[in-house]
Amino acid sequence: MTATPTVSGWPPAGALFWDDFDNGLKPAWQNSGGNWAVNSGRYEQSANLGEAYSWPGGITCTACDVEATITFPSAGQGGGERSIGLVLRMIDTQNLYLADLRMVSQEVRMWRRVGGNWSPILIQPFTVAYDTSYNFKFTAHGSTLQVYVNGARVLEATDSSLTQGLAGLRTSEAHAVYDNFAIAGSLPPTPVPTPTARPDQIFFDDFSADELASIWETVGQWSVQNGALVQTLLGGYTDILAWPRTVYCADCVVTTRARVEGGDGREFGLVARAQDNGSLYMFDLRQSASEARIWRRLDGIWQPLSIVTYTSEVNRWYELRFEAVGNTLRGYVDGTLAVSAQDSSLGWGMAGPRTGDALARFDWLGIAGSTPPVTPTPTPPAAIDRYPDLDALYIGRSPQYAWNAEKNWPDVGEPVEFTLYLANKGRVAAGPFKVRWETLVQDGQVVPGSVVVQEVAGLAAGTSMTLRYRDSGAGKAWGDGRWRDGPYRVRAVVDVDHAVDEGPFEVNNDLADFTNALTLAFKVEQDQLSIGGANLPGHPPIAPALIPGKIGRSARWHSSTSIFTVPRTSTLAGTEIA
């Protein structure tokens, strides 16, 4: 592979964000699809099927320059289009501008995607080689879009469909390597000056200083960036919120200036009278559905109190005010009443911002109101105390083979069975849910006849269970329960229809294992770890039954030989060990 081209003035002056990956990955990065990891000071996407996106959350620009060094490694490529590039003005993965190099057709391209529909803007021939690094730059200033390769402008066009958004990386059916990534440009303007605290307010924060750790409690991925409170965690979570410690009110008036910048749900708003059991009132704008809403959550159960049609825009600032005064709940947008409701379930609590499947920014936040007539409880307990946490641990296969056996896999046509090991790691019982099994071919398509949906009555807190990949007592992998050679994956999705509210713990329910994985053995010398007898100084005895959990999800301990076997795969099958 050729050396990375020298990038002058690195990092670029005035960069809004940059990462050279020399010290791992900065925490702002978000991914959608693919298999992203930092290797040897470079950011690598190794999956050669489908689209893959990665971007730093919370960095929205209008006039925007994004650049990186990109390389097509000759190893690990598939047979698809093999394109590597950059995106900017990205609202989400369905709305963006793309510039890329396409190996299969030897082209440099500029595309627009709006509402999920791709449209070419400009495409030119361009010679692309494997194991050669290119300094690639994509700019958008006003309606002018430009692409540079190694400092030379190769594309220029105009388009006004998108005016601001995120910037990042995108691949399609390509193994890709990125280095020296940077975003420069201008942030969307704040429409009016940030107000100062008013005498009637019991709390105010303009986020000019990063006091998040000392003042706030948070659930989600919150940070202070450029004088604003930013939340970047996406997905179907219900409790992404923040609240200032020890600030309580009865009649609450919560005010903020906020905007939503991405995500699928794009819900952003405020909560009031939030209590220690998770009960609260919520007012928000759900941009994806053109709604303004007031909801109540009582003992973990969400109920809409009022929902009205309200059209909001991505990347536009709105002043939101949520009033909970007596039994009357009112939500205001830019000073105008948008939605209201009546409810007497909650009389006092905490207040703050809340998001739902959204990248959102809060410029300031103030709380006014009367103090509660009762002694406040401590801040709400951690989410682990309020939600179940269903976790797909690992998938086992029968028959199994010894770590050093000559035979590693069943014979073609031999009956096999797969077992899912799952647990509820939360401190709240999970109610009924369903598990979906399926067998996937290499391109992600489902093998006909392989889908099985199993119903589970529930799972107590802190307990585990197993489920076999069966239908009416017969194995159903590949549809008939009989072994096939090749890079297939067996997949199990726990709580497939989201019947269980897991709060922020929805991320570990989906597990897929390659069926052609190799067995990898770890040997632990007796002088390093003794089983059941003398242990290392200062360490308690370790029972053999506990050791597999310390090694990985599917480790097997052989006490006679002091060897762990892990029936997962190395890079030969494209997944990670443990």
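Author: Let's start with a definition: buried means under 20% relative accessible area, exposed means over 50%, and partly exposed lies in between (1.4 Å probe, protein chains only). This is a predicted model, where local features need pLDDT of at least 70, side-chain atom pairs count only at pLDDT 80 or more, and totals for chains, interfaces and linings use all residues. Residues are numbered from 1 along each chain as its sequence is written, and side-chain values use heavy atoms, with hydrogens and water left out.

Reader: What makes D284 and R293 a salt bridge?

Author: A salt bridge needs a side-chain nitrogen of Lys or Arg within 4 Å of a carboxyl oxygen of Asp or Glu. For D284 and R293 the N to O distance is 2.8 Å, so the pair qualifies.

Reader: Why does D284 count as buried, and why does R293?

Author: Buried means under 20%; D284 has 0% relative accessibility and R293 has a relative accessible area of 6%, so both labels follow.

Reader: How do you know that E323 forms a salt bridge with R330?

Author: Their closest N and O atoms are 3.8 Å apart, and the cut-off is within 4 Å, so this pair counts too.

Reader: Is E323 buried or exposed, and what is R330 called?

Author: E323, at 14% relative accessibility, counts as buried, whereas R330 is partly exposed because its relative accessible area is 31%.
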